[in-house]
Amino acid sequence: MNSNNSNVKKWSVSSRIFHWISAILLLVTWTMMFLYNNSDSNLYIGLHKAFGVSLLFWMIARVINRLLTKAPPPVPMPKWQLLMSQLSHFALYALLIAMPIAGLLMSVYGGRPVDIFGLFQIPVFVNPDRSLARFYNDLHTDIIWPMIIAFTLVHIGAALHHQFIKKDGLIARMK
Ligand code: HEM
Ligand code: HEM
């Protein structure tokens, strides 16, 4: 019944904007890290941090938007798939918030203020502590990042499954 893509219920405009700009900010933040690892310039680590903190602010606003706007009813699917999608969406929200917080704590515990595009600085608001800096570095790099990759791949895989196998117009809801 609901397979006609033209009448699927869409996400609100604000939710769609939040979704795609989050994805772009994630890609840009990662790209800055990639450039930093593959060049001698110190410019990119600063940009990595500034875009990462921007994503944190963006995600906080996104959560508020999510609580204030109504999600469209789910497309028809088995109960377990619905549960999995809800759990993985929740995980993506949590990971995209935890990641920049871990990065920020790594920096400040390392005694480094964080400059945001030269607009303002996040000062060292804790007592620097090398072992905590190392802990948040490991969390950032070895724990949360692989989880972001895993959940994002499952997420995109599921979206493609809906698009090309189920053909239920799921992606159109978010476009
Ligand atoms: C969601 C946002 C973020 C993502 C996806 C992200 C991703 C990453 C990744 C993948 C690495 C590891 C690179 C590698 O060793 O191959 C990394 C390293 C790093 N990140 Fe982030 N990051 C984010 C936010 C932040 C923030 C907000 C800060 C600081 C304010 C930050 C500071 C750092 C630093 C200093 C390193 C280098 C660690 C080292 O050289 O050992 N990151 N980040
Ligand atoms: C090519 C890339 C992507 C596609 C095609 C895509 C597609 C979608 C679609 C269709 C939905 C809505 C599902 C529904 O209507 O029930 C959605 C929701 C969502 N996506 Fe993506 N997405 C992509 C990338 C990403 C990335 C990179 C992230 C973050 C790492 C992400 C995080 C989320 C979250 C958290 C939701 C749940 C929204 C909510 O409940 O408020 N997406 N995505």
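Which residues are the protein donors of the iron atom of ligand 2? They are His19 and His155, each through its NE2 atom, at 1.9 to 2.0 Å from the iron. Donors here are N, O and S atoms within 2.8 Å of the metal (3.2 Å for Na, K and Ca), and water is not among the atoms, so sites may look incomplete.

Before going further, a word on what you are looking at. This is a predicted model, in which local features need pLDDT of at least 70 and side-chain atom pairs count only at pLDDT 80 or more, while totals for chains, interfaces and linings use all residues. Residues are numbered from 1 along each chain as its sequence is written, chains are lettered from A and ligands numbered from 1 in the order in which they are written, and side-chain values use heavy atoms, with hydrogens and water left out.

Back to the iron atom of ligand 2: its six donor atoms subtend angles of 88 to 180°, which makes the arrangement octahedral. Six donors count as octahedral if opposite donors are over 155 degrees apart and all others between 65 and 115. Histidine 19 sits in helix H1 (residues 13-37) and histidine 155 in helix H4, so this pair ties together parts that are 136 residues apart in sequence. Helices are DSSP runs (H or I, at least four residues), numbered from the N terminus. Histidine 19 is buried, with a relative accessible area of 14%, whereas histidine 155 is partly exposed at 27%. Buried means under 20% relative accessible area, exposed over 50%, and partly exposed in between (1.4 Å probe, protein chains only).

Now turn to ligand 1. The protein donors of its iron atom are His48 (NE2) and His140 (NE2), lying 2.0 Å away. This site is octahedral too, with angles of 85 to 179° among six donor atoms. Histidine 48 belongs to helix H2 (residues 43-68) and histidine 140 to helix H4 (residues 130-166), so the two link parts 92 residues apart in sequence. Both histidine 48 and histidine 140 are buried.

Finally, the UniProt record, an unreviewed entry, places the feature "transmembrane region" at residues 17-36, 48-69, 90-110 and 143-165. In the model, residues 17-36 are 100% helix, with end C-alpha atoms 28 Å apart. Residues 90-110 are 95% helix, and their end C-alpha atoms lie 30 Å apart.

Methods
Four donors count as tetrahedral if all angles lie between 85 and 135 degrees; four count as square planar and six as octahedral if opposite donors are over 155 degrees apart and all others between 65 and 115; anything else is irregular. UniProt positions are given in the numbering used here, feature names are shortened, and annotations may be inferred rather than shown by experiment.
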